[in-house]
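Reader: I am new to this structure. Please take me through one part of it closely, and then show me how other parts compare.

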Amino acid sequence: PTAEPALGSEIVVSALDNQQLRPAVAYNRKHREYLVVWQNNWPGNRDVYGQRIGEDGKLRSWFAISAGPNDRVQPSVAYDPVNDRYLVTWAYDISGNNTNWDVRGRIIPWDGPSPALTEFVICDWSTTQWNPEVTYGRAQEEFLVVWWTDHPSVPDYVSGRRINASAGAPADKAFAIAYHASQQRVLPDVAYNLSRNEYLVTYHDGLDIWGTRLQGNGNILGGGEFGIAGWPDAEINPTVASCDQADQYLVVWQSLQAGTQYD
């Protein structure tokens with residue numbers, strides 16, 4: 001098929017003299033701009049930066065979000081329209097030797113970081129926490145952060161924590177979202193549905209795609225986990241978005257076809 005023409009020209013978000021990986025983006029409707037965050041790979045260190053970009057594609061400002069000793073990787077970002085600011089999350093190598101990764105976050109005002117709003121701990125369990133993803137829940141004015149917990153003695157599982165948006169601090173304790181006694185649950189994503197005041201968390205077990213719905217207060221809905229895709233070959237790496245007006249979600253993933261290539 002013939003490709004549709006691009007709507008705009010390519011934008012160089014960051015051209016630092018190092019590797020920039022794992023970009024994520026959120027839209028700010030009040031100021032008609034985007035915040036793009038990413039992971040910088042420097043020699044011997046990794047950190048998280050951000051860049052504001054206008055609707056016209058012009059770069060507005062860039063800044064460090066979390067830097068210093070030990071690695072910061074896998075950033076995610078969501079926008080809070082009530083307080084006009086973002087929550088950026090990432091995985092942090094607390095020990096500095098790749099043996100214990102935590103989840104941290106920082107509230108970022110719409111026009112750039114504030115020295116008064118420093119990074120805070122979202123999860124500091126002794127296990128490793130990977131791939132945090134964040135979304136904003138409008139009805140209760142909070143964020144939900146989800147991640148993959150890599151545990152040494154049980155199958156990996158999906159966890160989460162609610163973050164009070166106005167306080168910029170956790171609203172309750174971290175909790176398990178999806179656990180199976182013999183199968184892993186990894187690489188979660190999350191979306192919020194305002195029409196129902198609920199979240200959908202998606203993830204995979206290495207072969208199939210699964211989902212769990214949560215109320216706005218974090219309670220699990222509908223009898224817990226349900227299957228989304230279970231074809232004969234492997235389905236992995238799901239991502240999810242919500243359409244409030246239609247009261248539905250769209251989930252997409254990679255699907256291994258005939259054991260040879262991913263579609």
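Which residue in the turn of the hairpin formed by strand 15 and strand 16 has a positive phi?

Author: That residue is Gly206. Its phi is about 100°. Keep in mind that this is a predicted model.

Start with the hairpin itself. Four residues lie between strand 15 and strand 16. Strand 15 covers residues 198–204, and strand 16 covers residues 209–215. The two strands run antiparallel, and seven bridges join them. Strands of a sheet pair through backbone hydrogen bonds, in either a parallel or an antiparallel way.

Now follow strand 16 onward. Strand 16 is also joined to strand 17, which spans residues 226–229. Here there are three bridges, and the two strands again run antiparallel. Look for Ile209, which stands opposite Ala229 in strand 17. Ile209 belongs to strand 16, whose residues are 209–215. So strand 16 is bridged to strand 15 and to strand 17.

Four strands form an open sheet, in the order 5-6-7-8, with antiparallel pairing. Strand 5 (72–80) and strand 8 (120–123) stand at its edges. Each has a single partner strand, so one side of each is left without a neighbour in the sheet. On average, neighbouring strands of this sheet are turned by 30° against each other, direction ignored.

Strand 5 pairs with strand 6, residues 85–93, in the antiparallel sense. Seven bridges hold this pairing. Within it, Tyr79 stands opposite Tyr86 in strand 6.

Side chains deserve a look too. In a regular strand they alternate between the two faces of the sheet. Two residues show contrasting surroundings.

Take Ser159 to begin with. Ser159 is in strand 11, residues 157–164. The relative accessible area of Ser159 is 0%, so this residue is buried. Its side chain makes a polar contact with the side chain of Thr149, at 2.8 Å.

Then take Tyr27, in strand 1, residues 19–28. Tyr27 has a relative accessibility of 33%, so it counts as partly exposed. The cut-offs are under 20% for buried and over 50% for exposed. Tyr27 also belongs to a nonpolar surface patch. Val25 and Tyr34 complete that patch, whose area is about 260 Å².

How values were computed: Residues are numbered from 1 along each chain as its sequence is written. This is a predicted model: local features need pLDDT of at least 70, side-chain atom pairs count only at pLDDT 80 or more; totals for chains, interfaces and linings use all residues. Side-chain values use heavy atoms; hydrogens and water are left out. Axes are lines fitted to C-alpha atoms, for helices over the stretch in contact, and angles run from 0 to 180 degrees between N-to-C directions. Patches are made of residues with over 30% relative accessible area and no salt bridge: like charges are joined within 9 Å, nonpolar side chains (Val, Leu, Ile, Met, Phe, Trp, Tyr) within 5 Å. Accessible areas come from the Shrake-Rupley method with a 1.4 Å probe; for residues, only the protein chains shown count as cover. A salt bridge is a side-chain nitrogen of Lys or Arg within 4 Å of a carboxyl oxygen of Asp or Glu. Buried means under 20% relative accessible area, exposed over 50%, partly exposed in between (1.4 Å probe, protein chains only). A polar contact is a pair of N or O atoms within 3.5 Å; within protein, one must be able to donate a hydrogen and the other to accept it, and residues adjacent in sequence count only if both atoms are side-chain atoms.
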